[in-house]
Protein chains: 2
Amino acid sequence: MPISMFDAGPARLIVSLRNLIAILDKAAAHVAENKIDPSVLLGARLYPDMFPFTRQVQQACSTVETALARIAGVEAVKHDNAEVSFDELKARIGKAIAFLEGIPPAAINETADKEFALKLPRGDVRWTGLQYLFGFVVPNFYFHMTTAYDILRHNGVRLGKLDFIPNPAA
Amino acid sequence: MPISMFDAGPARLIVSLRNLIAILDKAAAHVAENKIDPSVLLGARLYPDMFPFTRQVQQACSTVETALARIAGVEAVKHDNAEVSFDELKARIGKAIAFLEGIPPAAINETADKEFALKLPRGDVRWTGLQYLFGFVVPNFYFHMTTAYDILRHNGVRLGKLDFIPNPAA
């Protein structure tokens, strides 16, 4: 049977964004328990020219918000990436969830074959809604969510696959 | 308009698996140029209790093969995870691509509402095909692909987002 763009895409990303909030809770508990300056984890990166943890979380949010706004034809929320604490990052993720929940599914669902002309850092591209959502937004979102998780694991925060994907049926 | 499970899921994963082969080519070139023993990168991990690079690639493949075999109701290919070189890992990814390409899309597309009773390491779960594919398989695949990429970046291999997502329209 056919499925909808919204159910396979944004609906799943909302679940993953909630999981990311729970991962940040564990990171905040870890630094509190071990008397670590939170800025050490927030600024940690896997290589000097990669984004630090804070920016990985911000990119996970903005990747989804920017692209879904374009796909749905609504105004994207502007952010100044000024978050400097786990609580502020959790609030940022909460805004991304609220934004996705506020998009009418029909505005997403009608775009599978619609062609989008996009100006991206990589150059100008023309992709259909389906290519854009499942070939770019979804992999890009999980890239940043996973790298945020990997930065925490690399720094000793106790996390496992059940934090990354607790319950797809939720 | 409605879309199909296959077009939003396996069709995109095939593109990403091809991208992973190209990433391995760059890793192999990096060790050759810098006279690094390939086993150093193949065995590298981000934390002592995380999987090393080789196993991340194997898990990316087996996550997709095992789950799509269950969803489509076909026999999964058995692997012994014996790959010990970049070339062998590339061949393993090639087998995963061939397996996905060999599944009739209709066998995937009819399962969106079908409930699957699964015995997973996390315990017994009951998920619909849509939940299983987009809520578990896709995030899990990108988790392992990204962690493989992050291990290479952490070890100085020159890669960028254009290696991870070169062209969703492909």
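Which helices and strand each supply at least two residues of the lining of the second largest pocket? Select helix H8 (161-164) of chain A, then helix H4 (53-72), strand E1 (115-120) and H7 of chain B: those are the ones. Helices (H or I, at least four residues) and strands (E, at least two) are DSSP runs, numbered from the N terminus.

Some ground rules: this is a predicted model, where local features need pLDDT of at least 70, side-chain atom pairs count only at pLDDT 80 or more, and totals for chains, interfaces and linings use all residues. Residues are numbered from 1 along each chain as its sequence is written, chains are lettered from A in the order in which they are written, and side-chain values use heavy atoms, with hydrogens and water left out.

Stay with this pocket, about 470 Å³ in volume. Of its 15 lining residues, zoom to Gln59(B), Leu120(B), Pro121(B), Phe136(B) and Asn140(B), the closest to its centre. H4(B) gives the most, six residues.

A pocket here is an open set of points on a 1 Å grid where a 1.4 Å probe fits, with protein on both sides within 12 Å along at least five of seven lines; lining residues have an atom within 4 Å of a point.

Next, the largest pocket, at about 660 Å³. Pick Gln59(A), Pro121(A), Asn140(A), His144(A) and Lys161(B), which lie nearest its centre among 25 lining residues. Colour H4(A) too: with seven residues, H4(A) gives the most to this lining.

Technical notes: Points joined across faces, edges and corners; volume = space filled by probe spheres on them.
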